Structure formats: structure tokens, C-alpha cells
Amino acid sequence: MIQGSWRALVWIGLSELCALSLWYSASVIAPELIEIWNLSPNSEAWLSASVPIGFVIGALFSSYFGVADRFNPRKVFAISAFIGAILNALLILVDSGFFGILLRILTGITLAGVYPIAVKILSDWFPRKRGLAIGILIAALTLGSSLPHFIVMFFSSLSWKFVIICSSVLALLSAFVVSFILKDAPVKSKRLPFSLKVIKKVVMNKPVMLANYGYFGHMWELYAMWTWLPAFLTASFSTYSSVIPHWFIALSSFISIGIAGGIGCVVGGLISDKIGRANLTIISMFISAICSIIIGFTFGQFIWLTLIISIIWGVSVISDSAQFSAAVSEIAEDEYVGTALTFQMCIGFLFTIFSINLIPIIQRMVGWEWVFTILAIGPILGIITMVKYRRYEFNNEKV
């Protein structure tokens, strides 16, 4: 069983890595799309927020109807990844900003059937001590989200369509692996008929909601950092020197978001299984809040200094993410774990829409030096709620 669980983790992680490349497939080629689609400044903001908006819509639908707990999660994942790959590939045929943004929203909807569903599948395979397992899964998500930066780094001279095609092929590979290689967990949670009472049970569960509140604060910071750190690095490096090559900036973004984030997820999972979910999230959010405040002071300064802070931020900003999901999967009743996870991510990603779009507005007002300080609000509030959650975690461990 143990060997089978870790084999399943490999396939789930690989599938997550490939499928989540759809998330930023258009963001890394945004300059080309803005020019081709002739987007206005307001439309550019919609391009950045389109996938999170779609994800929220899809997660809201999924949690409302209890999709993760009513249907085979493996099949839901495979179908979602397949449809997402097709929708993403259609971008190469679009010459209108309206239809392009619409396709990105629809792609976000399909990803709501990938990310939370993968955590649900993993919780079936790992009934206990799932902190490291979910940490590895979120590491795969992190690498997958940053994968388009890696593709651009090596193939920036090729057409932007190559990035889109690559990410769609990876998502199709993900659907294939989940459909034909990954097996169902030997012990499955009971599937429920549709009932609005399931959502009510989630909302009325105080420790689950405390973990959710911590997650919401974490999400306020995470995706805004992932979205705008590459732009910050570009502006900062260009201010320091006008001859910095584009591939170096792409590499710096990939290392800070993908490599550092992946390491943070795995290390966070290892540590949390020893010191507890709450303690790990408190430490991570404290470090990430400090980084979001001080990184602006490195703007236009020595590149190595900016890069060191961005890497530390990349590690800490995501190292706790898996543990909020692990906390909910452990403390929620088995019968509605999938719905609880989807609900958590639905509201969490709703917060990302506001923070992602707030950054450029604040940046125009205060500049790159101060803009990221607004993100520190999320982890600070998250720390407060996770201190309260820690008491429930301790009581649950004693039982």
C-alpha cells in the first residue's frame, strides 16, 4: 500500500505539473498577445485576471454541486485537463481580445477540475501523514505554473504560438496519465448525493474555516507575487543595467517562482509533519511578509541582492500552501473533504483576482519600491487566524 501510494504520488504530481502549465501559458507571452489583440489598458488587466476568474467560477460550481465527492475524481481530472488543453490551443486561432480573454476564463474553469481534484485524489491515497505528499503535489503545481517561463527562456526567438502548443501538449499528456496509468485509491471515501447541506457543514466547521481564513491571507499574496514578480525583476534589472538579456530575466523568474517554490513546498511538507501545520504556516507567512516589504528596497540595486530576496520570497510564499489543504483534509469529515477543499480554493482564488489587479494600480501611485508592501496584509492576517487554529490542531492530534 505504501509503495503504491508513493507511485501514485509520482503520477499525480507529474500530471499536475503538466496540466498547470496552462495557467500562465498566455501570461508569459502577454506583450505579444496585447499587440496582436490590440488590447486597451483595461483589457490588459482582464487578461491577467481571466484564469483566476474562471477558476473561481469553476470551483464555485464544483463545490456547490459537490463534484469532487459525487464523481470519480480521477475521471474529473482527466476530462478537465483534456478540455483545458483544447481551449488553450484555440488561442492560436484567435485574433480578438474578447474571444481570447473568454478562452482564458474557460481554461480557468477547467483548472478548477484539476488542482483541488488532485488534492482530493491524493488524500484518498494518503489517509495519514499527508503533509509531505501534498507538499510534493503543490511543488509540481508550482513548477507547472512557472513552466512557461522556462519554455520562453529557451525558445524566446520562436513564435509565441510555440508556448501555447507546448502547454496544451503537456495538458493532454496529463489527461492521458491520469486516465490510463494512475489507478483509483484502494480505499475510497464515500460518495454523497447532491445536497446544499454539504456546503453548510463546511462553513459551520470552525477549525476548517480558521484554516480557510489562513489560506485566504496566503492567497492574497501568492498569485499577485507570481504574476508581478517577473515584471518587477524586468524593471529592476533594466534600471540597474540596460544590457541584461531577456533570457536571464526569464531564468530569474523561473528560479524564484518554480525552483525555489518547488523546494519550499517539499521542505515545508517535511517540516509540517513534524512541527504541525499551524506552526509551519505561521513561520512561512512571517518570512514571506518580511520579503514582500523589503524587496522593493532592492529595486535598481545590485542584481544578486534582488535575486536573493526574490528566491527567499519564492520559497516562503508557497511553502505553506499545501499545509492549508492538508489541514482541511485532516480536520474535515471524510464525506465532504473534496467539497471543503474546492470551497477553500474557490474563495482563496477570488482574493487573488483583487490583489493581482490592485498591484498595477498601486504601482502607478507609489512605484515598484513600495508596491509589494500591500501584499503583506494577507500573511499578517493569516498568521492571526492560524494561531487560533493551532489549538484545534493540538486537540485533534491528542484524539
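This is a predicted model: local features need pLDDT of at least 70, side-chain atom pairs count only at pLDDT 80 or more; totals for chains, interfaces and linings use all residues.

Biologist: How many helices and strands does the chain have?

Modeller: The chain has 17 helices and 0 strands. Its radius of gyration is 20 Å, close to the 21 Å that the globule rule gives for 399 residues, so the chain is as compact as a globular protein of that length.

Biologist: And what does the C-alpha trace span along its principal axes?

Modeller: The spans are about 60 × 45 × 35 Å.

Biologist: What share of the residues is buried?

Modeller: Of the 399 residues, 59% count as buried. The accessible surface comes to about 16,400 Å², and carbon and sulfur atoms hold 71% of that area.

Biologist: Among contacts with a separation of 6 or more, what part comes from residues 24 or more positions apart?

Modeller: Such residues account for 86% of those contacts.

Biologist: Now the helix pair. At what angle do helix 12 and helix 14 cross?

Modeller: Helix 12 (residues 246-275) and helix 14 (residues 303-319) cross at roughly 35°, and their axes come within 7 Å.

Biologist: Is that crossing left-handed or right-handed?

Modeller: The crossing of helix 12 and helix 14 is right-handed.

Biologist: Which residues meet there?

Modeller: Helix 12 contributes residues including Phe248, Ile255, Gly261, Gly264 and Gly268. On helix 14, the partners include Ile303, Leu307, Ile311, Gly314 and Ile318.

Biologist: How do the residues of this contact divide into nonpolar, polar and charged?

Modeller: The contact of helix 12 with helix 14 has 9 nonpolar residues, 8 polar and no charged.

Definitions and conventions. Residues are numbered from 1 along each chain as its sequence is written. Side-chain values use heavy atoms; hydrogens and water are left out. Axes are lines fitted to C-alpha atoms, for helices over the stretch in contact, and angles run from 0 to 180 degrees between N-to-C directions. Helices (H or I, at least four residues) and strands (E, at least two) are DSSP runs, numbered from the N terminus. A crossing is left-handed if the near helix is turned anticlockwise from the far one by less than a right angle, and right-handed if clockwise. Contact means heavy atoms within 4.5 Å. Ala, Val, Leu, Ile, Met, Phe, Trp, Tyr, Cys and Pro count as nonpolar, Asp, Glu, Lys and Arg as charged, and the others, Gly among them, as polar. The radius of gyration is taken over C-alpha atoms; the globule rule is 2.2 Å times the number of residues to the power 0.38. Buried means under 20% relative accessible area, exposed over 50%, partly exposed in between (1.4 Å probe, protein chains only). Accessible areas come from the Shrake-Rupley method with a 1.4 Å probe; for residues, only the protein chains shown count as cover.
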